[in-house]
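Biologist: I would like to learn how to read the aromatic side chains in a model of this kind. Could you take me through them step by step?

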Amino acid sequence: VQTCALPISVEADPAYAQAFNNLVVLLYESGRKKEALFELTQALSLHPDNPQLLYNTAVLYYHENDRERSAAYYRRARRSGFRGADPEFESIMRNRP
């Protein structure tokens, strides 16, 4: 039984970056971190410069203690025009050596 329409939305229109983003957030927050990372990888292969996807990838890697990858994706997100980061995360990323 399908409990969420997001996977269907992603399958119906893989170009719809917001559906990928929502699916990733849902997976991550429900503890399905490997699936979230897989979906982010898929989304970024279709939308390599999407600021929200790049930012969420940075946050995911940060929470997985991969600070180097997190910082790299954060920089890409900023270069792609991302604004509106969580102030605490923003401060951490900006003060990295």
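**The aromatic cluster**

Modeller: Y55, Y62, Y74, F82 and F89 form one aromatic cluster, where rings of Phe, Tyr and Trp (its six-membered ring) pair if their centres lie within 6.5 Å, planes under 30 degrees apart counting as stacked, over 60 as edge-to-face and the rest as tilted. This is a predicted model, in which local features need pLDDT of at least 70 and side-chain atom pairs count only at pLDDT 80 or more, while totals for chains, interfaces and linings use all residues. Residues are numbered from 1 along each chain as its sequence is written, and side-chain values use heavy atoms, with hydrogens and water left out.

Biologist: What describes a pair of aromatic rings?

Modeller: A pair of aromatic rings is described by the distance of the centres and the angle of the planes. In this structure a search of the whole model finds five aromatic pairs. One of them, Y55 with F82, is stacked, at 4.2 Å centre to centre and 10° between the planes, and both residues are buried (under 20% relative accessible area, with exposed over 50% and partly exposed in between; 1.4 Å probe, protein chains only).

Biologist: Is the pair of Y62 and F89 stacked or edge-to-face?

Modeller: Y62 and F89 are edge-to-face, with 5.4 Å centre to centre and 80° between the planes. Y62 is buried at a relative accessible area of 18%, and F89 counts as buried at 6%.

Biologist: Which charged end sits over the ring of Y62?

Modeller: That of R67, 3.8 Å from the ring centre; the criterion is NZ of Lys or CZ of Arg within 6 Å of the ring centre and within 35 degrees of the ring normal.
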